[in-house]
Amino acid sequence: MVLNSLDTIVAIATPAGVGGIGVVRLSGNDIKKFILSILGEEIQPRMASYHKFIGSDGECLDTGIALYFSAPNSFTGEEILELQGHGGSVVQDRLIQRCVELGARVARPGEFSERAFLNGKLDLAEAEAVADLVEAGSVQAARSAVRSMCGDFSREIKNVVNSLKDIRVFVEASIDFPEEEIEFLTDPKILQTLENIENRLGDIINKARHGVLLRDGLTIVLAGRPNAGKSSILNCLVGSEEAIVTAEAGTTRDVLRKAVVVNGIPLQLIDTAGLRETTSIVEKEGIRRAWAEIEVADCVLYVVDATEVSNPSVNTVWPDFYRKFPESTASLTLVLNKIDLTDLAPGEMINNDPAFCVSAKYRTGINALINHLFQQAGFLDRGQGAFSARGRHVSALKSALSHVTSGKQQLIQSGSGELVAEDLRQAQNSLSEITGNITSDELLGEIFSSFCIGK
Ligand SMILES: Nc1nc2c(ncn2[C@@H]2O[C@H](COP(=O)(O)OP(=O)(O)OP(=O)(O)O)[C@@H](O)[C@H]2O)c(=O)[nH]1
Ligand SMILES: [Mg+2]
């Protein structure tokens, strides 16, 4: 990525609309020019001062506090000017316009953070955590984003990278001294270190999965035959009568989505039409939409009426459904509803595929079901130490772990230093993608463009 150092960027850093204060932020390497033109005089770095913000014809556009940060002691590592005026879209737009007249360019989404990353002020995981903090949907998500933003996640990654580097030096040295290679590589310390790295990576993966869950939550689709009680379960989870429930089979047609936060985890609950053969055009369309939701869900709850099943297992209840169920979908859980009409006990059914007995009517067994879904998605009961993370981090961590494991196996089986060295190199590269030491322009573009403007 080539950073045009002459470009000065400008954006409104506060939310759009009316507010007590509105901040316009400039970053670049020629900020003094803007200070002199807009404020009419020089100002001291890091000292708040009250000013008129002056337009091109000398008109006062607004009044407020000006703050100047000199390079490299700023968020972006460049010179920054913050104009803290009044929060209104017209007044702020006029200020932006004034900056543009003076040569600034309106910033792209995430461009301030991108510059901070390119100037080494933040690593990539820390920059992503800034965005995650702003977008956090729960206290837990905000806490873990703060942890990542302050570098907890990156530190753990860097520690593993350092251990990998140490061991690579050792292994690569052995390649250069072939007579001693075997002796080097059979040193039990190498194996122990690799095992230790595997354990640490496993631990970081667990924490990262928890972080991903807090950030992205889960999409849960309620699917099954008509009248199984899908809509009743949705209502039970949401805590209000959102979906129409009737004793008539085929009540639900449209896809109904409801967002709730449970234990800090955002859940997107999706109720769908009961699956059956039908001649009704409306119902057919509902069923087509139900399948479309099943295909992209994180979890599918396959709901059945417990009074109608004798051998409850996902593939015996309705083999056709099981056959059509897309393998790509993360998880399928059988839910036996209406257990109040049977002698089944609420909670997990032992000796089966994941199967849960619930009664939507009496709200029994529901918590056990939700806990199961959370555990499956990586929820840590003691999530206090977890940091925010994204799907791409978990993939990179898993790839690093598989390279370390493969390196360890090479060591045990072939004792070939070169193969071990290659695996360890790849493991280190995967981890470097997380912090951004190795990244493609494409990935950076993708990450920063999802940030909001002014960040
Ligand atoms: N006894 C009992 N009845 C239930 C329970 N859950 C749902 N029902 C009843 O079962 C019937 C169907 O419930 P719905 O929630 O509409 O079922 P559905 O799966 O959404 O049905 P469709 O929308 O037609 O596909 C209603 O009469 C509910 O009152 C339960 O836990 N116990
Ligand atoms: Mg329904």
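N227 sits in the loop between strand 7 (218-224) and helix 9. In this predicted model, N227 has a positive phi of about 70°, although it is not a glycine. N227 counts as partly exposed because its relative accessibility is 31%, which falls between the limits of 20% for buried and 50% for exposed.

**Backbone features**

- N263 also has a positive phi, of about 50°, and it is not a glycine.
- The loop between strand 8 and strand 9 (265-271) holds N263.
- With a relative accessibility of 44%, N263 counts as partly exposed.
- A71 and P72 are joined by a cis peptide bond, with omega at about 0°.
- P72 is found in the loop between strand 4 (60-69) and strand 5 (79-87).

**The magnesium site**

- Ligand 2 is a magnesium ion, and its protein donors are S231, through OG, and T252, through OG1.

- A368 is part of helix 13 (residues 366-376).
- A relative accessible area of 30% makes A368 partly exposed.
- Leaving aside residues up to four places away in sequence, A368 touches G347 and F356.
- E327 is 41 residues from A368 along the chain, and the C-alpha atoms of the two are separated by 25 Å.

**Helix 4 and helix 16**

- Helix 4 (residues 124-135) packs with helix 16 (residues 441-449) at an angle of about 20°, and their axes are 10 Å apart.
- That angle makes helix 4 roughly parallel to helix 16, because angles under 35 degrees count as roughly parallel.
- The crossing of helix 4 past helix 16 is left-handed.
- On the helix 4 side the contact involves L124, A127 and E128, and on the helix 16 side L444, I447 and F448.
- By class, the contact of helix 4 with helix 16 has five nonpolar residues, one charged residue and no polar ones.

**Helix 8 and helix 14**

- The axes of helix 8 (residues 188-216) and helix 14 (residues 391-413) come within 9 Å and cross at roughly 160°.
- Helix 8 and helix 14 are therefore roughly antiparallel to each other, a term used for angles over 145 degrees.
- Helix 8 passes helix 14 in a crossing that is left-handed.
- Residues of helix 8 in this contact include I190, L194, E198, L201, I205 and R209.
- Among the residues that they meet in helix 14 are V394, L397, K398, L401, V404 and K408.
- The contact of helix 8 with helix 14 divides into 16 nonpolar, three polar and five charged residues.

Key: Residues numbered from 1 in each chain as written. Chains lettered and ligands numbered in written order. Predicted model: local features only at pLDDT ≥ 70, side-chain atom pairs only at ≥ 80, totals over all residues. Heavy atoms only, no water. Axes fitted to C-alpha atoms, helices over the stretch in contact; angles between N-to-C directions. Helix = DSSP H or I, 4+ residues; strand = E, 2+ residues; numbered from the N terminus. Parallel < 35°, antiparallel > 145°, perpendicular 65-115°, else oblique. Left-handed = near helix turned anticlockwise from the far one by under 90°. Contact = heavy atoms within 4.5 Å. Nonpolar A, V, L, I, M, F, W, Y, C, P; charged D, E, K, R; others polar. Donors = N, O, S within 2.8 Å, 3.2 Å for Na, K, Ca; no water. Buried < 20%, exposed > 50% of the residue type's maximum accessible area, 1.4 Å probe, protein only.
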